[in-house]
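Subject: Structure handover

Hello,

Here is the structure I promised to pass on. Please open it alongside this note. My findings follow below.

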Amino acid sequence: VTVFFRPIEKINSVIETYPKGIAGFRRYTEFLDTRPDIADLPGAIAVSGLKGDIAYENVSFGYTPDRTILKGIDLAIRAGETIAFVGPSGAGKTTICSLLPRFYDVDGGKITIDGIDIRQMTLASLRGQIGIVQQDVFLFAGTLRENIAYGKLSASEDEIVEAARRARLDEMIARLPDGLDTVIGERGVKLSGGQKQRLAIARMFLKNPPILILDEATSALDTETERAIQASLAELSKGRTTLVIAHRLATIQDADRIIVIDESGVAEQGRHQELVQRPGIYRRLHEAQYGGRAS
Ligand code: ATP
């Protein structure tokens, strides 16, 4: 995590939450220091205001040369669509998503956004168009206001208050004697898991990227918190292309499209109602996990 002690200018285009335990994103911080292979091409273009049409064309990838994780992946995702990736553990859901911000580069094929190969874009501008929300939220010692504003360093007070409201952090803030000036972190107020998630969501409302990657928590929050977060996430994903590494039944069922990934790649895709009606991996997963409930 040493990267967080770097000057803020260096990382202000990479405003994300930083995981520790999630395989695909784990090396992100390392990469900033040590992955010379992922860099701007000469003449790379700074993109902005992308619509968010995403295409994976015959994508192959392995973390090491001796083991291919993804082979021949073809995906066409329309701007604004919400896609839920489901499938057995280790199938490559996280890996597929981590190729989009170029945490790693494809070994074969290409990934485009709005028809432009992502390797033609500057890394900073590409990552400026992608928001990532995951379980492990990066907080630093400072006030709530500063931690929220990490989503957009130039945010005005009004924007910060609005982002907090949309992420449903406002009630908590109103109860704190120092409000947005409350110091959080080790020496300050400790946030609950749900509050941290909302803070991450508030940052994303500020960042306002056309593309979102949601890495859903596997560990359950209590039902009420879960519902509130689900509602904020639903609002956040509105009008954005959203890729969900899905574990929750609610998100999966509400997705525009479910993509089932197994060792062979994209095994099935469709809406929940379609997939549960035909024999296959999704139906089996669904029955195993939920005993056919809510189908
Ligand atoms: P889960 O549902 O458990 O999160 P997943 O479908 O997201 O699984 P990935 O995390 O993408 O799967 O992992 C796909 C494969 O790649 C696994 O075999 C995993 O061990 C391997 N893998 C993931 N990250 C790395 C890494 N940084 N270095 C080497 N191998 C990795």
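Start with the hairpin. β4 and β5 form it, with two residues between them. Aspartate 114 sits in the turn and has a positive phi of about 50°. The two strands run antiparallel and are joined by two bridges. In one of the pairings, threonine 112 has aspartate 117 in β5 as its bridge partner. Bear in mind that this is a predicted model.

Now the neighbouring pairings. β4 (residues 108–113) also pairs with β1 (residues 54–61), in the antiparallel sense and over five bridges. Two partners to look up: serine 60 has glycine 108 in β4 as its bridge partner, and tyrosine 56 stands opposite isoleucine 111 in β4. β1 pairs with β2 (residues 70–77) as well, antiparallel and over five bridges. There, isoleucine 54 stands opposite isoleucine 77 in β2.

Next, the overall picture. The protein has 13 helices and 12 strands. Of its 295 residues, 37% are buried. Among contacts between residues at least 6 apart in sequence, 73% join residues at least 24 apart.

The largest nonpolar core has 70 residues. Those with the most contacts inside it are Ala84, Phe85, Ile148, Ile201, Ala202, Val244 and Ile258. Helix α9 (residues 193–207) gives the largest share of this core, seven residues. As a general rule, nonpolar side chains in soluble globular proteins tend to be buried together.

Which residues does isoleucine 148 touch, leaving out those up to four places away in sequence? They are Ile160, Ala163, Ala164, Leu199, Ala202, Arg203 and Leu206.

Finally, two arginines to check. Arginine 102 has a phi near 60°, a positive value in a residue other than glycine. It is found in the loop between α4 (93–99) and β4. Is arginine 102 buried or exposed? It is buried, because 20 other C-beta atoms lie within 10 Å and the cut-off for buried is 20 or more.

Arginine 168 also has a positive phi, near 60°. Its place is the loop between α7 (157–166) and α8 (170–175). Arginine 168 has 18 C-beta neighbours inside 10 Å, so it counts as partly exposed.

Best wishes

Conventions:
Residues are numbered from 1 along each chain as its sequence is written. This is a predicted model: local features need pLDDT of at least 70, side-chain atom pairs count only at pLDDT 80 or more; totals for chains, interfaces and linings use all residues. A nonpolar core is a set of buried Ala, Val, Leu, Ile, Met, Phe, Trp, Tyr and Cys residues joined through C-beta atoms within 7 Å. A residue is buried if 20 or more other C-beta atoms lie within 10 Å of its own, exposed if 12 or fewer, and partly exposed in between; C-beta atoms are placed from the backbone. Helices (H or I, at least four residues) and strands (E, at least two) are DSSP runs, numbered from the N terminus. Two residues are in contact if their C-beta atoms, placed from the backbone, lie within 7 Å. Two strands pair if DSSP finds at least two bridges between them.
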